[in-house]
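Subject: Structure handover

Hello,

Here is the structure I said I would pass on. Please open it first; my notes on what was found follow below.

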Amino acid sequence: MTPGEHPSCDDPGWDTNVAGREAAQLQGFLERLFDLSGVDLSGYGKRALHRRLRSVIKGEGLSGLGELTERMHADPCFLARVLDRILLRVTTMFRDPPFFRLFRQRVVPVLRTYPYPRLWVAGCSTGQEAFSLAILLREEGMYDRCRIYATDINEAVLEQARAGLLPLASLDEYEHNYRAAGGIRCLSDYYTRRETAAVLDPAVLDRIAVFRHDLARDASFNEFHVIFCRNVLMYFDEALRERVHRLFRESLVRLGFLGLGQSEALQLTRHESAYEALAPRQRLYRRVR
Ligand SMILES: C[S@@+](CC[C@H](N)C(=O)[O-])C[C@H]1O[C@@H](n2cnc3c(N)ncnc32)[C@H](O)[C@@H]1O
């Protein structure tokens, strides 16, 4: 093709050209996003990323990635809002109750044998998973000697996690999950309702350290007896998943535990043989080598 000539839909190379142009645009957008926010999304699954960006562009009434980039550049609040929508903060307390039930039955007895168990919740969003662990460990009488590290790439969710805030509209669902997960009291024993949100008791937040950590770029920061990373890896491409699995394997003590989300499995990864599943249907694994 000579300069000035454009491919037509009949051109056999058309699809590839469009795909190539879109990929180049996306690449440019991701580089700009990284410059502006320090968030590197280059290892995220491209199809889902495209879908979410299209939804943001449509929702904001913008013409395309170019205008989206301009707005992000001009308005830091807009940038934070876009990031929030791309990163997806959806979470709940005692998510997948049978998973937490299994944790109580099979992992807690092992944790009791360690003097100071360390647990890492990677991709913790607004903290609900870390809060759930804290409550469970408290009920098992061992919270005082545990430390929970709750990390995420998105500063906006971490602020909420630090404050221990629970949305009022979700409290019934949380109570239901808590009981289904084997909770032995009432979830409401652990929080106080205020006008706009419920606030967790300081005793629940006491042993939780919340800070920013980027699974795509940062190294490990300790050795852990338990790592949870649920409903995060499903958004990553294969290369980034591989990086994160390596990070987790190197960060877990031998015979430590790894918890993944319902639609995330270790099967077909290079690390499958390093772990044993605790139960056929739950994504709770023990590192065996
Ligand atoms: C769908 S939420 C899952 C929250 C929680 N783990 C759960 O299962 O309820 C995904 C979280 O992963 C975080 N995340 C995405 N990319 C990340 C990265 N590179 N490093 C750390 N956290 C990341 C997002 O900010 C978001 O809070």
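To begin with the ligand: one of its nitrogen atoms lies 3.4 Å from a backbone N or O atom of Ile-153. Please keep in mind that this is a predicted model.

A polar side-chain atom of Asp-214 lies 3.0 Å from a nitrogen atom of the ligand. For Tyr-44, the distance from a polar side-chain atom to a ligand nitrogen is 2.3 Å. On its own the ligand would expose 600 Å², and the protein buries 99% of that area.

As for where the ligand is found, it sits in the largest pocket. There are 20 residues around the ligand, and those that come nearest are Tyr-44, Thr-91, Arg-95, Asp-152 and Asn-231. By type, the shell around the ligand consists of nine nonpolar, six polar and five charged residues.

The other topic is the aromatic rings. The count of aromatic pairs comes to 17. One of them joins Phe-94 and Phe-100, with ring centres 5.2 Å apart. The planes of these two rings stand at 65 degrees, and planes over 60 degrees apart count as edge-to-face, so the pair of Phe-94 and Phe-100 is edge-to-face. Phe-94 and Phe-100 are both buried. Another edge-to-face pair is formed by Phe-103 and Phe-228, where the centres are 5.5 Å apart and the angle between the planes is 80 degrees.

If you look at the model yourself, the ligand in the largest pocket and the ring pair of Phe-94 and Phe-100 are the places these notes refer to.

Regards

Methods
Residues are numbered from 1 along each chain as its sequence is written. This is a predicted model: local features need pLDDT of at least 70, side-chain atom pairs count only at pLDDT 80 or more; totals for chains, interfaces and linings use all residues. Side-chain values use heavy atoms; hydrogens and water are left out. A residue is near a molecule or strand if one of its heavy atoms lies within 4 Å of it. A polar contact is a pair of N or O atoms within 3.5 Å; within protein, one must be able to donate a hydrogen and the other to accept it, and residues adjacent in sequence count only if both atoms are side-chain atoms. Accessible areas come from the Shrake-Rupley method with a 1.4 Å probe; for residues, only the protein chains shown count as cover. On a 1 Å grid over the protein atoms alone, a cavity is a set of points where a 1.4 Å probe fits but cannot get out, and a pocket is an open set with protein on both sides within 12 Å along at least five of seven lines; lining residues have an atom within 4 Å of a point. A molecule sits in a cavity or pocket if more than half of its atoms lie within 2 Å of its grid points. Ala, Val, Leu, Ile, Met, Phe, Trp, Tyr, Cys and Pro count as nonpolar, Asp, Glu, Lys and Arg as charged, and the others, Gly among them, as polar. Rings of Phe, Tyr and Trp (its six-membered ring) pair if their centres lie within 6.5 Å; planes under 30 degrees apart count as stacked, over 60 as edge-to-face and the rest as tilted. Buried means under 20% relative accessible area, exposed over 50%, partly exposed in between (1.4 Å probe, protein chains only).
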